[in-house]
Amino acid sequence: MRVGTAVQRRVTGLTAAVAVLGIAGTLAGCGGPGDSGDVTLKLVAADYGDSAANSSQKYWDKVVKGFEAENPGIKVDVTVSSWNDVDREVKEMVKKGEAPDLAQIGAYADYAAQGKLYEADELLSIATQADFLAPLAQAGEVKRIQYGMPFAASTRLLFYNTKLFKDANLTPPQSWSELQADAKALKARGVKIPYALPLGSEEAPAETLMWMLSGGGGYTDNVGSYAIDSKQNAKTFAWLRDELVGKGLTGPTAPGEMNRADAFAAFARGDVGMLNGHPTLMKMAAKKGVKFGMVPAPGVNGKAQATMGVADWMMAFKQNGHRKETGKFLDYVYSKKNVLEFSNEYDILPVTNSASDAMAEDRGDTELGKFLKELPTSQLYPVGKTSWAQVSADVKKDIGKSVEPNGNPQSVLTRIQNRAASKENAE
């Protein structure tokens with residue numbers, strides 16, 4: 001499953017192929033799009049399951065059955081595709097002029113910039129739109145107008161191997177200096193990877209943002225402009241280069257060559273002392289019998305002020321003119337009952353306040369509850385910028401170079417910043 005490796009997962013992605021579909025909205029009558037008469041909405045959605053037994057198709061079939069029973073005259077046709085295929089399939093459909101009414105995928109900004117999407121307030125009731133968690137709703141905006149509706153969310157925590165920590169008489173770190181001290185102690189006891197730092201191409205933007213935030217920086221400043229080469233970010237990566245990588249505390253694989261999947265697999269084998277992870281890692285580690293604990297990400301002098309959040313998105317295309325029917329369906333999809341059911345099924349964080357409150361009451365003391373507590377103050381990728389896809393690619397390509405033995409973090413970050421600014425200005 002996947003959330004945002006766009007819940008980062010596949011949310012990551014919180015996880016979650018079919019041929020390109022035909023025209024998304026079909027009217028039973030002979031009128032044009034949006035005329036009265038029976039309407040069939042087409043939804044293309046990502047699969048958050050890891051087998052046929054828990055495919056998202058089952059979730060959507062149940063939702064559609066309930067909706068259609070309450071809304072005669074509106075049918076919903078849902079196709080669920082793998083995260084490996086779904087974004088590409090929707091892109092191809094739109095390119096052919098056959099956009100679905102709804103798509104639940106990894107990114108929305110390009111479609112919004114092209115004028116292809118409905119605004120959220122054109123679709124949703126006031127109550128539904130107001131129920132979205134604020135950080136997620138804001139991340140769904142382009143030029144302060146919400147087009148992307150969050151569908152699944154996740155945050156990150158620092159995982160640590162409790163057996164390795166107990167054997168070394170260590171406590172979970174709350175600051176960078178404590179993290180380094182714990183990593184040194186683990187290395188002295190022969191742990192292969194005291195701290196896993198996956199800055200490889202798979203998910204470098206996520207690890208990068210987590211460390212930026214823990215150092216008081218981020219991809220953007222407080223007005224939303226790119227600030228990739230800020231002094232805080234440069235200091236953060238200089239510290240990583242000198243105090244973790246340079247001291248041999250990140251294992252034998254260069255961070256720029258280590259992917260998240262490899263780091264997670266190594267943790268599940270018991271070879272890693274600490275790493276940043278999302279809820280998927282809980283099941284991976286438990287399945288392999290590895291005992292673990294989780295704490296908020298350490299910051300320079302204490303707990304980081306914010307953690308990274310990721311989200312996957314729902315969006316509604318204008319092409320077929322089914323605004324009213326689409327809005328009715330979305331209000332139903334985002335009911336507390338449906339959001340909570342989806343979140344519990346796939347161990348993903350709810351995107352609404354009502355479902356989050358319900359989960360906190362029911363599962364606040366569980367391991368998933370620890371992730372839930374971090375979500376209200378989390379910071380997401382600047383996904384509302386159409387330039388973000390290129391910036392993300394640049395981070396994947398270059399950020400690992402900043403922590404090489406002779407790497408120059410300021411130079412690497414400035415290079416990424418300049419390309420980001422150029423891309424942003426061009427648009």
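Is D167 buried, exposed or partly exposed, and what is its relative accessible area? In this predicted model, D167 has a relative accessible area of 38% and is therefore partly exposed. Across the structure the count comes to 22 salt bridges, and a search of the whole structure finds 26 aromatic pairs.

**Salt bridges**

- D167 forms a salt bridge with K163, and the closest N and O atoms of this pair are 2.9 Å apart.
- Both D167 and K163 belong to helix α6, where they are four residues apart, which is about one turn of the helix; K163 is exposed, with a relative accessible area of 54%.
- The side chains of E203 and R260 also meet in a salt bridge, with an N to O distance of 3.0 Å.
- E203 is placed in the loop between β9 (193-195) and α8, whereas R260 is in helix α10 (residues 260-268), so this pair ties together parts that are 57 residues apart in sequence; E203 and R260 are both buried.
- K62 and E341 meet through their side chains in a salt bridge of 3.2 Å, N to O, and this pair links distant parts of the chain, since K62 is in helix α1 and E341 in helix α13, 279 residues apart.
- At 26% relative accessibility, E341 counts as partly exposed.

**A salt-bridge network around D394**

- A network of salt bridges links D394, K397, D398, K401, R415 and R419.
- D394 is found in helix α16, and at 7% relative accessibility this residue counts as buried.
- When neighbours within four places in sequence are left aside, D394 is in contact with I399, I416 and R419, and R419 is itself a member of the salt-bridge network.

**Aromatic pairs and cluster**

- A pair of aromatic rings is described by the distance of the centres and the angle of the planes.
- Among the 26 aromatic pairs, the rings of Y48 and Y346 have centres 6.2 Å apart and planes at 45°, so this pair is tilted.
- Y219 and Y381 make another tilted pair, because their ring centres are 6.5 Å apart and their planes are at 55°.
- Y219 lies in the loop between α8 (204-214) and α9 (231-245), and Y381 in the loop between α15 (367-374) and α16 (388-398), so the pair ties together parts that are 162 residues apart in sequence; Y219 and Y381 are both buried.
- One aromatic cluster is formed by Y48, Y59, W60, F67, W83, F151, F329, Y332, F342 and Y346.

**Charges over rings**

- R260, the salt-bridge partner of E203, lies over the face of F264, at 5.1 Å from the ring centre.
- K385 lies over the face of Y226, at 4.9 Å from the ring centre.

**Strand β12**

- Strand β12 (residues 309-316) is mostly covered, with eight of its eight residues buried.
- In a regular strand the side chains alternate between the two faces of the sheet.
- In β12, G309, A311, W313 and M315 point one way, while V310, D312, M314 and A316 point the other way, and all are buried.
- Strand β4 (residues 102-105) runs antiparallel to β12 and is joined to it by four bridges, with I105 standing opposite W313.
- Strand β7 (residues 149-155) likewise runs antiparallel to β12, to which six bridges join it, and the bridge partner of S154 in β12 is V310.

**Positive phi angles**

- Most residues other than glycine have a negative phi.
- N169, which is not a glycine, has a positive phi of about 60°; N169 lies in the loop between α6 (162-167) and α7 (176-188) and counts as exposed at 70% relative accessibility.

Technical notes: Residues numbered from 1 in each chain as written. Predicted model: local features only at pLDDT ≥ 70, side-chain atom pairs only at ≥ 80, totals over all residues. Heavy atoms only, no water. Phe/Tyr/Trp six-rings, centres within 6.5 Å; stacked < 30°, edge-to-face > 60°. Helix = DSSP H or I, 4+ residues; strand = E, 2+ residues; numbered from the N terminus. Buried < 20%, exposed > 50% of the residue type's maximum accessible area, 1.4 Å probe, protein only. Lys NZ or Arg CZ within 6 Å of the ring centre and 35° of its normal. Pairing = 2+ DSSP bridges. Contact = heavy atoms within 4.5 Å. Salt bridge = Lys/Arg side-chain N within 4 Å of Asp/Glu carboxyl O.
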